[in-house]
Amino acid sequence: YVYQYATSMAGAAQFTDAIRKEGRPAAERFLNMLRAGGSDYPIELYKRAGIDMTSEAPYKALVARMNRIMDEIESLTGTTKH
């Protein structure tokens, strides 16, 4: 279960980036994946939506997202990285 949660977070991070860059086409791919529900294995649903969960791209997108969040927290709290 933890693995599924983590991979879903990575896929969502890459979808977020794609939606910001591409707009409506990426949003439609995301919605179509959600509409597919449990009709196939998640890895296949992601693949049809243009996200390859076997590559490092989704995980790099997640790390980049977390870095942006941490930078924002540091900015808001006036702290810096050590």
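F15 is buried, at a relative accessible area of 2%, where buried stands for under 20%, exposed for over 50% and partly exposed for in between (1.4 Å probe, protein chains only). F30, by contrast, is partly exposed, with a relative accessible area of 27%. The model is a predicted one, so local features need pLDDT of at least 70 and side-chain atom pairs count only at pLDDT 80 or more, while totals for chains, interfaces and linings use all residues. Residues are numbered from 1 along each chain as its sequence is written, and side-chain values use heavy atoms, with hydrogens and water left out.

On confidence (pLDDT, the predictor's score for each residue, from 0 to 100), the protein chain averages 91, and 95% of its residues reach 70 or more. Helices here are DSSP runs of H or I with at least four residues, and strands are runs of E with at least two, numbered from the N terminus.

Back to the rings. Searching the whole structure turns up two aromatic pairs; rings of Phe, Tyr and Trp (its six-membered ring) pair if their centres lie within 6.5 Å, and planes under 30 degrees apart count as stacked, over 60 as edge-to-face and the rest as tilted. F15 and F30 make an edge-to-face pair, with 5.0 Å from centre to centre and 65° between the planes. Since F15 lies in helix α1 (residues 2-22) and F30 in helix α2, the pair ties together parts that are 15 residues apart in sequence. Ring pairs also bring in Y46, giving a cluster of F15, F30 and Y46.

After α2 comes G37, with a positive phi near 55°.

Y46 turns up again in the lining of the largest pocket, alongside Y3, Q4, T7, S8, P42, I43, M53 and Y59. α1 gives the most to this lining, with four residues.

How values were computed:
On a 1 Å grid over the protein atoms alone, a cavity is a set of points where a 1.4 Å probe fits but cannot get out, and a pocket is an open set with protein on both sides within 12 Å along at least five of seven lines; lining residues have an atom within 4 Å of a point.
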